[in-house]
Amino acid sequence: MIEVERVCRSFTVGRRRARRTVHAVQDLSFTVGTGEFVGYLGPNGAGKSTTIKMLTGVLAPTSGRVEVAGLDPTRRRTALARRIGVVFGQRTTLWWDLPLRDSFELIRHLYKVDRTVFRSRLEELTTLLDLAGFMNTPVRQLSLGQRMRGDVTAALLHDPAVLVLDEPTIGLDVVSKAAMREFLRRINAERGTTVLLTTHDLGDIEKLCRRVMLIDHGRLTFDGTLDDLRATAPDEDSIEDVVAHLYTGGSMPRAGEATPP
Amino acid sequence: MIRTYILLAWTWVRASAQYPGSLAMLAIGSFAVNALDVVAIWVIFEHTRSLAGFNRAEVMFLYGTSGLSFALSDMLFGNVDRLSQHIKTGTFDTMLIRPAGAFVQMAVDRFGVHRLGRTIQATVVLAIAMPGLGLSWSRAWMVPLMVLCGIVIFTSIFALGGALQFLLVNAPEVANAFTYGGSTLTQYPLSVYGGELVKGVTFIVPLAFVNWQPALFVLDRPDPFGLPYWLRFAAPLAALALAGAAVLAWRAGIRRYRSTGS
């Protein structure tokens, strides 16, 4: 469903003399099969968002080949948009000044979803994500949790084959987080939607992902199951410590062993 | 594409209709500010009978055609010049993940009927000017065509300016020199300007085809700069060439797009 082959993406930053090239993603290759639920981890600035943007056609790769749902994202961006759903946790894809209901109605037209199909799907999502209380509220007045649920609904109304989530639980409280995870689990299990999820919340990974990929300095440093991940650092107790161990290459002091001042 | 535009525009109109007072004020404001231009023309002709060889009705005709082209182009597509804001805030990313052209989504963003104010003003000026020209149909047929070409030319400049913002995110005003500047330039007969400038806006940035060259045909005037007669009919050609350049530049811009950090 997602194929990434030897992909690089670099940016030139700075001006004139201070100009230098930053390699956000280097020689990245992976495949994600239909129906998989994959967690994509990495420290800040590791290249997660850059990867997501290349998968969705927002950014063109500098070199290499990307294929999502059978399409080249850069060349067939609008065609791909109908087959994938994207959630940017940090910003909304909804129309800021429009009531949630109008945003959804617009999406129905933009994605050319059949009216009856749309109605039953929206009804289902409204129940699952408990949207009924704020369907007529403009998006700018929604709380973060409500907005996120709205965004996830918007990404699923056209029943995409692939769902790409960039930090969908960022800033959510414990209850909302649990509800969101349960919802994503169901979508993956019942509809067979392929899900790629980036997050800093390892609870998301533990609860949802059968497979984990780890990116650091633009390179894939781990790809395997959650158990494989734990096995990389058998001394560590929690998954947090395992990941911290991987991010720092084992140089981070463990809890309780912090160097005294 | 047109369907998407109308759909989004209608949604924005409904959203803004929640504040009818503000809508009316904006429309009246835009009408009034531009009406001052006409007052300026009126004042000039209180002191003279001709401006660089053109009488009051003719100058108003030039003003009206350029104004109408610019107002319609600005109303429908002028928003493209806000691209750098969308890039900076990251909202441009959200446009790229929807199954619609980024240009259309940019152009229609926050569409409001208040933008009609200037269009109405330009139409009124043109309606006042036209009867004073005593045109026959053998020349008047050019008028709708020149307005249309003007719309295409201004829209192409807006798009080129937008495309430039992919490179110069911090200099969105560069293009304004050509859009708003071009609109002001073409409000008067180009014969008030120097020959070098006129050649520049004929052969480089084809602003002369917004109204000046076709108007020479409509008004049946010799070209004060002695440029070839066939240029009067070249407006569609110039418009298409510029539109082609704009499409290529916009596409190149999208390919070069770098997004923001997160």
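Predicted model: local features only at pLDDT ≥ 70, side-chain atom pairs only at ≥ 80, totals over all residues.

Let's start with chain B. What does its secondary structure come to? The count is 13 helices and 0 strands. Read along the sequence, chain B is written as α-α-α-α-α-α-α-α-α-α-α-α-α.

Now its dimensions. The C-alpha trace of chain B spans about 60 × 40 × 30 Å along its principal axes. Chain B has 262 residues, and a compact globule with that number would have a radius of gyration near 18 Å. Chain B has 19 Å, which agrees.

Next, how the helices of chain B meet. Two packed helices are described by two things: the angle between their axes and the distance between the axes.

Take helix 3 and helix 9 of chain B. Helix 3 covers residues 56-77, and helix 9 covers residues 142-167. How do their axes cross? They come within 8 Å and cross at roughly 45 degrees. Helix 3 and helix 9 of chain B are therefore oblique to each other. Their crossing is right-handed.

Which residues meet there? From helix 3 of chain B, they include T65(B), L68(B), F70(B) and F77(B). From helix 9 of chain B, they include V143(B), M146(B), F154(B) and F158(B). By class, the contact of helix 3 with helix 9 of chain B has 10 nonpolar, 6 polar and no charged residues.

Here is another pair in chain B: helix 2, residues 20-47, and helix 7, residues 116-129. Their axes come within 7 Å and cross at roughly 35 degrees. The crossing of helix 2 and helix 7 of chain B is right-handed. Among the residues of helix 2 that meet helix 7 in chain B are A27(B), F31(B), N34(B) and V38(B). On the side of helix 7 of chain B, the list includes L116(B), R118(B), I120(B) and V125(B). The contact of helix 2 with helix 7 of chain B divides into 8 nonpolar, 5 polar and 1 charged.

Now chain A. Here I'll talk about sheets. In general, strands of a sheet pair through backbone hydrogen bonds, either parallel or antiparallel.

One sheet in chain A has 3 strands. What is their order? It is 2-1-4, the sheet is open, and the pairing is antiparallel. The edges are strand 2 (20-32) and strand 4 (63-68) of chain A, and each pairs on one side only. On average, neighbouring strands of this sheet are turned by 30 degrees against each other, direction ignored.

Look inside that sheet. Strand 1 of chain A, residues 2-13, is joined to strand 2 of chain A by 9 bridges. R9(A) has V25(A) in strand 2 of chain A as its bridge partner. Strand 1 and strand 2 of chain A form a hairpin, with 6 residues between them. In the turn, G14(A) has a positive phi of about 80 degrees. Strand 1 also pairs with strand 4 of chain A, in the antiparallel sense, over 5 bridges. There, E3(A) has E67(A) as its bridge partner.

Another sheet in chain A has 6 strands. The order is 5-6-7-3-8-9, the sheet is open, and the pairing is mixed. Which strands are at its edges? They are strand 5 and strand 9 (219-225) of chain A. Neighbouring strands here are turned by 15 degrees against each other on average, direction ignored.

At one end of that order, 6 bridges join strand 8 (residues 211-216) to strand 9 of chain A, and the two run antiparallel. M213(A) stands opposite D223(A) in strand 9 of chain A. Helix 1 of chain A packs on the sheet and touches strand 3, strand 6, strand 7 and strand 8 of chain A. Its direction makes about 150 degrees with that of strand 6 of chain A. Helix 5 of chain A, residues 144-156, lies across strand 5 and strand 6 of chain A. Helix 5 runs at about 165 degrees to strand 5 of chain A.

Last part: the two chains together. How many residues does each give to the contact? Chain A gives 24 and chain B gives 17. In chain A, the elements giving two or more residues are helix 1 (48-55), helix 2 (77-81), strand 5 (84-88) and helix 3 (100-110). Helix 3 of chain A has the largest share, 4 residues. By class, the side of chain A that touches chain B has 11 nonpolar, 7 polar and 6 charged residues.

That's it from me. Thanks.

Notes:
Residues numbered from 1 in each chain as written. Chains lettered and ligands numbered in written order. Axes fitted to C-alpha atoms, helices over the stretch in contact; angles between N-to-C directions. Parallel < 35°, antiparallel > 145°, perpendicular 65-115°, else oblique. Left-handed = near helix turned anticlockwise from the far one by under 90°. Contact = placed C-beta atoms within 7 Å. Nonpolar A, V, L, I, M, F, W, Y, C, P; charged D, E, K, R; others polar. Pairing = 2+ DSSP bridges. Rg over C-alpha atoms; globule rule 2.2 N^0.38 Å.
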